[in-house]
Amino acid sequence: MTKTKDIRLMKGNEAFAEGIIRAGCDGYFGYPITPQSEVLEYLSAQKTKERTGMVVLQAESEIASIHMVYGGAACGKRVVTSSSSPGISLMQEGFSYLAGTELPCLLMNVVRGGPGLGTIQPSQSDYFQTVKGGGHGDYKMIVLAPASVQEMYDFTKLGFDLAFKYRIQVMILSDGAIGQMMEKVELDKQLPRLTDEEIIKKYPWATTGKTADRERNIITSLDLNPAKQEIMNRKLQAKFKRVEENEVRFENIHCDDAEYIFVAYGSSARVCEKAVQLGRAKGIKVGLLRLITLFPFPYEEVARLSKQVEGILTIEMSAGQMVEDVRLGANGAVRVEHYGRLGGIIPAPEEVLNVLEETFIKTKTYA
């Protein structure tokens, strides 16, 4: 008899929480903030200590939580924190420390509107902070952008795999809509947590006390010798280059014969996918380039599409941030415009299709 698949109806935040448990997470350190508080609530209700031995701790602040992640990551553990926009802003110094010491970890930002305390409604206005590096120094994080509750779950294992492959921080950049919506999620088998002995063998960089086989490791991002610090930074830049060459992820939807292209990620991509269906029903050849990784960014794919289409429209729940990278990819080969809603408003499919028509089609002139 075939075993029934484990399929559950879950919120995006709950799917993320279940995902890190099943991906062999060792520790979660977080602090409640709307609209991602369900992560901590779900993990606490799951009795994770009894279930897997995983530690779940509500820190006294977001600043404390990111430094707890630093400590756990230094020991080679699979550790996680999550927050929403104001809390992520508080963590930026810790992100820089993690980057400077090449410590792998998984992070999630369930973005809400700002600036300031703003609103608890969904937004995508943390793109610059996340993709361009919100902390100090020359560093990058791998940034994954889920567009469904299933991807909130799936990207946890992928995120851990990438983090430890490159010794890098992986950010899941979600938003209040994806975090709060409920969809069915297919769950896979739970992975075992690594033992301390397995970690020592697999990750020789991890900190441990002195053992019979090796001296204790010391991890620090401080080096007052500028020549050595430059060598370290060049090493990081070479790693980021490898990531750019090997980890670009995107999805083309009806792009093969498209005359116009939406470029979007997350909730905006879901809106655009419906707008593509509406446009095709009206005879408009429109497609969607859905971004799955925001770093690395698919510059080459944008350049390729720019040579075959008559216009590109980026849709973001922001004043326009990702559009700058799209314009870099297009490199002047095609007109690129932006449409965004602010303050936590999600645009409707009919709305973005109308903007496409008004921007490119109704203004079209013929010789």
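This report describes the fold, surface, charges and domains of a single chain in a predicted model.

**Overall form**

The chain comprises 15 helices and 14 strands. A compact globule of 367 residues would have a radius of gyration near 21 Å, and the chain agrees with this because its own value is 21 Å. Along the principal axes, the C-alpha atoms occupy a box of roughly 80 × 60 × 45 Å. Of the contacts with a separation of 6 or more, 78% join residues 24 or more positions apart.

**Burial, surface and charge**

| Property of the chain | Value |
|---|---|
| Buried share of the 367 residues | 53% |
| Accessible surface | about 16,500 Å² |
| Carbon and sulfur share of the accessible surface | 53% |

There are 44 positive and 46 negative side chains in the chain. The centres of these two sets are 4 Å apart.

**Domains**

The domain assignment divides out domain 1, residues 6-196, and domain 2, residues 252-361. A distance of 27 Å separates the C-alpha centres of domain 1 and domain 2. Between them, 28 residues of domain 1 make contact with 26 residues of domain 2.

**Helix 2**

Helix 2 spans residues 38-45, and its buried residues are Glu-38, Val-39, Leu-40, Tyr-42 and Leu-43. In an α-helix, residues three or four places apart point the same way, because there are 3.6 residues a turn. Just after helix 2 comes Lys-47, which adopts a positive phi of about 55°.

Definitions and conventions. Residues are numbered from 1 along each chain as its sequence is written. This is a predicted model: local features need pLDDT of at least 70, side-chain atom pairs count only at pLDDT 80 or more; totals for chains, interfaces and linings use all residues. Side-chain values use heavy atoms; hydrogens and water are left out. Helices (H or I, at least four residues) and strands (E, at least two) are DSSP runs, numbered from the N terminus. The radius of gyration is taken over C-alpha atoms; the globule rule is 2.2 Å times the number of residues to the power 0.38. Buried means under 20% relative accessible area, exposed over 50%, partly exposed in between (1.4 Å probe, protein chains only). Contact means heavy atoms within 4.5 Å. Accessible areas come from the Shrake-Rupley method with a 1.4 Å probe; for residues, only the protein chains shown count as cover. Lys and Arg count as positive and Asp and Glu as negative; His and the chain ends are not counted. The place of a charge is taken as NZ of Lys, CZ of Arg, CG of Asp or CD of Glu. Domain bounds come from an automatic or database domain assignment.
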